[in-house]
Amino acid sequence: MLAIVSFMERMAQFKYSSVLDKEDIENMIVHLKAEMTEYENAFHSSSTLKTEIFLLIGALTSSSLVSSTSNKVRQCVKMLCKLINSIEPINLHQYLQNYLTAATSDQLRCARNDFIASIHGLISVYCSCTLSSYKLAPLRPVVKQKKEILHCKEKLKVMVNSVHNLVEDWMRDYTEFFVTVNVYYGTQLLSGHNKCISKTVKHDAFFPYIPMNVYVCFEDVLCTCPRETKIMFILSGFSSVPSVGADGSADNTRRPLAFASLPLFDHEMMLRQGQVFVPLTVLKEPVLKPWGPHPLIANEKDPVLIVTLPTYEYQVVFPDVLVEYQSIKQDPSSLDCETQEYLMSLVEAGDPQSLKPDELEMLWQKRSYLMHLPEALPLVLSSVTDWGYYFLSNVYQIIEDWAPLSPVQAMQLLLPQYPDMRIRQKAIEWILCASSDFLFNALPQLVEALRFEIFESSSLAVALLTLSYKDRRFAFEIYWQLQQRIDHCMDLAYAQRCTLLQKELLERHEADHLRDEIARQHKLLNELDCIQMDLRREESEQTRLSLLRSRLGALDGSLLHHNARLPCLPSFRCSGVVIKECKIFNSNAKPLKIVFRGLNSTYAIMHKTGDDMRQDALVLQMVAFMNDIWLSEHLDLRMVTFRCMPVGYRKGMAELVSDCATLCEIQKEFGMTGVFNKDVLRNWLMKHNTTEFLYKQALDNFTRSCAGWCVATYVLGIGDRHNDNILVTTAGHVFHIDFGKYMGDWQTAAGFRRDRVPFVFTYEMYFVINGGNQQRESYQTFIDYCCKAFNYLRRNYSILTNLLKIMACSDISGMNIESLNFVEKNLMLELSETDAVIQFTQLINHSLKSAFPRINFFIHTLAQVMSSSAANSSKTSDAVLSFVPQLYTQVTDGKIRHVRVISFEKRFLPNKLYKVEVIRESETVPAYVYRSFNEFNELYIKLRRRFPTVAFPALSPGTKMRSNVRDVAQRRMVDVESFLRYLFSLSPEVCHCDLVYTFFHLILRDSDIDSYTDNEDVHTDMHRNQCEVYLKIQFNDSKPHSQLSIFVGHVKHLALLSTGQAPDSYMKAYIRPDPQNLTKRKTQVVKASQNPTFNKELYYDITDGEHMLSTRVLEVSVWNCGGLMDNNKMYTLYIPLQKLKNQPEDRKGNRVLEGWFAFDKNM
């Protein structure tokens, strides 16, 4: 009991840390030295007792003294071991036992020397395996000569000694343990030792441990080992409670528990020798990561593996590799056509992991013919079979002479499959040639790629520091990218690396006060966190708002004295807060809308805690790269993206887009049934774009951006798409927010998947794009945008997949190899571009026809209305009118002299519009406005609320019959005339108020009334425009059987039927002459459209291709499906296949004839 108390008292004298400093070590040595001296004095005293009296009386006392002092030595050693992760090597325990059980002075002296050497070795090795800068002087200084690795013929050997500081769950749940040892180069397994030698936990030392004692000798000779070789240790256990398999049998299979990887060479290119303490990473998922830095002990709970590498009489060094001669480029045209085509098909495959061994061998053999193709370099490097010293010169000579890779292509060489330091350095050189915008957007991947570097002082780390000097915004971005990994990362070795680089970044920017700027950012974020936490404690909505304004007032004063830069936009210096524009969002997390005041502008952000915003940042970054791809292909989809920055553990800030509304807000303007109103979006856009020019521009923005987000959300598998996650700006741009569900992680409710469509494309979106119900050319344009955007991503899929591969190893939730496979599957890489167009068109139609999105919208809207308080309920303000976005006055529009109702017209069913003449004093020509009865009723209600003392004449009440019949409209017209006459007879305060002038302000419908008619009743006959069809005719004669394919795309300007209705059309194709019509092929039927889209491919297998092209004619015709046996031909087109024969062949032997072809009308 006394020994335990003494141990706890001594432990209290030391700080508990995995990094031992000089004070820790010297205090421990002083304590141990004192206890050893006391023990040895007692030992010598007991051995010199000579007299009979002492022999009879003092024997018990001397024995007790020796026992007491030896226990103190033992407790002191135990304290030392406890401070260093409970590590007690087996040899230390044995030497301690020998020292404390010595019988003679000679035995004591020998045991003492061994014990001191063991203690010295323990502390020295431990300090070298942590971040401690302290080093013990060697007991015997040894100077070793250096020997190059190419002269070492010894085999690679390793001894696994023991496992210490065991996890409690392991000892409870597992009975036996074993370790496997493998040798890796990057992700490539070079050799392995998988013999299962099970061991149990031992309790015969101070702390439980597992004595492995596994000696491994690999067949690899040291001189053949690559410089970046890593030894991988995997600790597995047999469960004490067998799991039950699917067939009901007991499954007692082994389970991997932890792993560690140890670089064979250190940062000075010296072969590791002697004993090493390796911290084990506990496996939370069965994915091994044989890359990254040499792990250092950073946590007192880290389990530690003790391994011993052979010790030689010399230092083994890996020398620099010199390239003595240049590689010789070969002309690829000198190869035969078959070999050229074979090589190009391998290069176009793109993914090295999909290639077979013989294909990789071919790439290496023909590498000199591929040096002009930048995209072939990663494939060629993957085909290298030997990365040892002797072969490296062959590799380095080709990368020096290879065609430079683009920065995007070079990102692939930062993946763990390419661990060679020189190759990674070359990749960094290529990446740094990129524009500042690309480098800034790619910083998350560049920082994440630090995970794959073997040593801290890498070319990538140096490049990041260099970028921080060139542009100050890079310094802020790099700091926060490192910070989010420190906060979230489960890989402590990588977190340590980020901490060291962050420290280096701040120290190198000491002169420009970066540390002070960062400190002010942290202070701002901490204040926002405190405000948000305090708001969550309040239950009353009014109390929350009052508290928010109070706290923001204090923050406003603080920022006025000490400006701070925003982490998500370092160029914006906050000098205050616009308190009246700040609010609390209606959500469980209570995110804040904060509007900061700058020198010349304001900047609005959402601050949120409790959610991992790294997912949102990743999705937005990938969408931004998609947009870059589209822009590089000259496809501008007017994408709106915004900045999102995680700034701590499960917290972050995001930029708020101005002048926008969610679909839910737009739909609720028209009541709960707005979810099912097809023209709700179109009316909202018309309301905010009051001129024809602005509205057409908004329609173009809507069409393009809707196509872009349809493709982006499909490729990335964005889920949880309700109407509060889709927004529209007043200028027509569609964009999405809240990306917590992605890449196959679908939102479910009560066990059912809520996301039932590939992407959200609803009928109200179609109604905006199409301008009505019947399909028009504008909808065909939308389909073209979607299909082009999808195929451009497919062409450049390596850009997306390489960026995602780097992030797949991060700890971001839902981001893993399965996510990458999901994206590749959605890209349909196995299909041709034509087949991809067909498939994506089907996805568009499926999404449009599905009722699930609207049902989901309705349920979400209903839940929002029920959860919101009366204070936050969506009601139109009495100060403005619902169909005009702002107020207008007599000053802005000119004084109204007279108004009168002229007539009513049947427009915008089910409501009729009343045509009102407005005469102003400043204008000689009267203006005409078109207003519905409901809009007059809204003006009447809001005027009564503003002027309650005025007795306005009531408008006619509603009717239980149809409100759009002529008699009702006529009766209401009389009421409207009476209301207007009385209104303008009142005092100027009433008749010339802003509500009246806003009501009579010209809006879009007034300037272009004829364009806004219902397509179901008024059809546009297109007889004046020639009917055309888009065809892509392709012939390939290089295959065993020739194939002719005809892709039928859009058809424009079909004539109306004699009944005045649009036809239900389909297409037919024949190869003439064909008396028996054996070559008939046809498409599906598209109903009720003068501009149908088929996007269907028709195929013919041809036996005599050349003869057919010379003698046959392709007949393409449009038919109306009138029912059974009542189809009639509308148009016919003849194309001589000789035109196709005259087309040049591409590399794959295809001849293509495509474009718009005009029909001859069938009379």
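**From a loop to the helices**

Mentor: Start with Pro1073, in the loop between β32 (1065–1072) and β33 (1081–1082). Strands here are DSSP runs of E with at least two residues, helices are runs of H or I with at least four, and both are numbered from the N terminus. This is a predicted model, where local features need pLDDT of at least 70, side-chain atom pairs count only at pLDDT 80 or more, and totals for chains, interfaces and linings use all residues. Residues are numbered from 1 along each chain as its sequence is written, and side-chain values use heavy atoms, with hydrogens and water left out.

Arg1072 and Pro1073 are joined by a cis peptide bond. Its omega is about 0°.

Now go to another loop. Phe1159 sits between β37 (1150–1158) and β38 (1160–1161). Phe1159 counts as buried, because its relative accessibility is 3%. Buried means under 20% relative accessible area, exposed means over 50%, and partly exposed lies in between, using a 1.4 Å probe and protein chains only. What does Phe1159 touch, leaving out residues up to four places away in sequence? Its partners include Gln1026, Cys1027, Met1067, Val1116, Tyr1131 and Leu1133. Such a contact means heavy atoms within 4.5 Å. For a sense of distance, take Leu379, 780 residues from Phe1159 along the chain. Their C-alpha atoms are 48 Å apart.

Two further loop residues have a backbone feature to check. Asn85 lies between α3 (52–83) and α4 (90–100). Its phi is near 65°, which is positive in a residue other than glycine. Asn85 is buried, at 1% relative accessibility. Met269 belongs to the loop between β9 (254–263) and β10 (274–279). Phi of Met269 is also near 65°, again positive in a residue other than glycine. Met269 is buried too, with a relative accessible area of 12%.

Next, the charged pairs. Side chains of opposite charge can pair when their charged atoms come close. The rule for a salt bridge is a side-chain nitrogen of Lys or Arg within 4 Å of a carboxyl oxygen of Asp or Glu. How many salt bridges does this rule give? The count is 56.

Arg109 pairs with Asp106, and the closest N and O atoms are 2.8 Å apart. Both residues are in helix α5 (residues 105–128). They are three residues apart, about one turn of the helix. Arg109 is partly exposed at 46%. Asp106 is partly exposed at 47%.

Other pairs reach across the chain. Lys426 and Glu400 form a salt bridge at 3.8 Å, N to O. This pair links distant parts of the chain, 26 residues apart: Lys426 is in helix α12 (residues 421–431) and Glu400 is in helix α10 (residues 389–401). Lys426 is buried at 15% relative accessibility, whereas Glu400 is partly exposed at 40%.

Arg854 meets Glu764 in a salt bridge, with 2.9 Å between the closest N and O atoms. Here 90 residues separate the partners, with Arg854 in helix α29 (residues 852–867) and Glu764 in helix α24 (residues 763–770). Arg854 is buried at 18%, and Glu764 is buried at 0%.

Stay with α24 and see how it packs. Its axis and that of helix α23 (residues 692–715) are 9 Å apart, at an angle of about 130°. Axes are lines fitted to C-alpha atoms, for helices over the stretch in contact, and angles between N-to-C directions run from 0 to 180 degrees. So α23 and α24 are oblique to each other. Under 35 degrees counts as roughly parallel, over 145 as roughly antiparallel, 65 to 115 as roughly perpendicular, and the rest as oblique. At this contact, Leu699, Phe702, Thr703 and Cys706 of α23 meet Met765, Val768 and Ile769 of α24. By class, that is six nonpolar, one polar and no charged residues. Nonpolar covers Ala, Val, Leu, Ile, Met, Phe, Trp, Tyr, Cys and Pro; charged covers Asp, Glu, Lys and Arg; the others, Gly among them, are polar.
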